[in-house]
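I set out to look up a few local features of this structure and to note each as I found it. The entries are kept in the order in which I worked.

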Amino acid sequence: MAFFPIHHYRLYDNPIDRFFAVVIVPNTFRWINEPEQLIQSSNNIQTSDINTNKIKRAPNLEKFRVQLNVAGFNPETIKTKVEGRKVIIEAKQEERHPDGDYNIRELRKSYILPEYADVNRLASYVTPNKMLVIEVPIHNPEVERRVAQAKNENQNLAQFGQYRDPHFDYSNFLHGSDFQPRIVDKGDNKKQLEMSIEMKNYKPEEIKVSVKNNELIVKGEHRHKGDNSFERSFFFKSTTLPPGTQVEQTQSYFTDDGQLKIEAPYVEQKEATKSVEQKEAVKPVEEQKK
């Protein structure tokens, strides 16, 4: 059994980065189809809000993503549209010379969208290295139903200990993603967070597991190169880990049946520790009054 390396990041939370699977500075690429939600976020979010973590983020995020090489085409000629369950890419490049010679290149490519894809939030853009990227968020009603049902169930929350962080959504963490998390008692007053997700369509070398702040991110990248084309398909899932997870000790490995296993020690929160933190948070305010 070989363990995957866990990549750790300690950057501030970027609300734009949450929409993409890779970090891209917005002014370094050209939009083909910019989602309305991202436009509003860019206009309304202040730098101070980012640095103080005031941005409310979804605990789990699932999306469909494809990448296509469009070298040789002007981004202004590239169009993306949705017809039924398909997203269609079209491009046409014409080069005409004074002597009457001309060269015309055309591209048409279609991809089947997964069920529950939110086509109204489709985003597409061309990167500086001439790669067209298309992303579509996925809203699974079954997952949303499980989350709503779990709100009324407190039995499963006991595994996180008696004292839990009131700002963390434990029910959504348990039932809102495909990671199937659980807390396992390892004996000697030690507990471990264990998660599992199916990745049968990916090879171990195509999988990357990383932790950014307390967010676990799993990416899969599959490449296919034809005679005249190059395509890349992506897998992306993320979830925010609960307080008490020892993220620096996170481990992951791939099983023979195509399951990605992720494990990390878990330490229950103590009431005494919580009280001390609250006193420390109030102290600066009291000193200012003096």
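**Basis**

I worked on a predicted model, in which local features need pLDDT of at least 70 and side-chain atom pairs count only at pLDDT 80 or more, while totals for chains, interfaces and linings use all residues. Residues are numbered from 1 along each chain as its sequence is written, and side-chain values use heavy atoms, with hydrogens and water left out.

**Aromatic rings**

I described each pair of aromatic rings by the distance of the centres and the angle of the planes. I took rings of Phe, Tyr and Trp (its six-membered ring) as paired if their centres lie within 6.5 Å; planes under 30 degrees apart are stacked, over 60 edge-to-face, and the rest tilted. My search of the whole structure returned 6 aromatic pairs. One of them is F160 with F173, edge-to-face at 6.3 Å centre to centre and 65 degrees between the planes. F160 lies in the loop between α3 (141–150) and α4 (170–175) and F173 in helix α4, so this pair ties together parts that are 13 residues apart in sequence. For element names I used DSSP runs numbered from the N terminus: helices are H or I of at least four residues, strands E of at least two.

I then looked up accessibility, with buried meaning under 20% relative accessible area, exposed over 50%, and partly exposed in between (1.4 Å probe, protein chains only). F160 is buried at 1%, and F173 is buried at 1%. F160 also pairs with Y266: the ring centres are 6.0 Å apart and the planes stand at 75 degrees, so I recorded the pair as edge-to-face. This pair links distant parts of the chain, since Y266 is in strand β16 (residues 259–266), 106 residues from F160. Y266 is buried as well, at 4% relative accessibility. I noted one aromatic cluster made up of F160, F168, Y170, F173 and Y266.

**Charges over rings**

I counted a charge as over a ring if NZ of Lys or CZ of Arg is within 6 Å of the ring centre and within 35 degrees of the ring normal. The charged end of R96 sits over the ring of Y102, 4.9 Å from its centre. R105 lies over the face of F73, 5.9 Å from the ring centre.

**The cavity**

Which residues line the largest cavity? I used a 1 Å grid over the protein atoms alone, where a cavity is a set of points at which a 1.4 Å probe fits but cannot get out, and lining residues have an atom within 4 Å of a point. Grid points are joined across faces, edges and corners, and the volume is the space filled by probe spheres set on the points. I found 1 cavity of 30 Å³ or more, and the largest cavity holds about 40 Å³ of space. Its lining is formed by L193, M195, L216, L241, T245, T250, I262, E263 and A264. The elements that give two or more residues to this lining are β11 (190–198) and β16, and β16 gives the most, with 3 residues.

I treated two strands as paired if DSSP finds at least two bridges between them. Strand β15 (residues 251–254) runs antiparallel to β16, joined by 4 bridges, and S252 stands opposite I262 in β16. The two strands form a hairpin with 4 residues between them, and G258 in the turn has a positive phi of about 85 degrees.

Strand β8 (residues 123–126) is likewise joined to β9 by 4 bridges, and the strands run antiparallel. A123 stands opposite E135 in β9. In β9 (residues 131–137) 7 of the 7 residues are buried, so I recorded the strand as largely enclosed by the rest of the structure. M131, V133, E135 and P137 point one way from β9, and L132, I134 and V136 the other way.

**Single residues**

K130, in the turn of the hairpin of β8 and β9, has a positive phi of about 65 degrees although it is not a glycine. I noted K130 as partly exposed, at 38% relative accessibility. D188 has a positive phi of about 55 degrees and is not a glycine either. D188 lies in the loop between β10 and β11 and is exposed, at 74%.

Note on methods. 1 Å grid on protein atoms, 1.4 Å probe; cavity = no way out; pocket = protein on both sides within 12 Å on 5 of 7 lines; lining within 4 Å.
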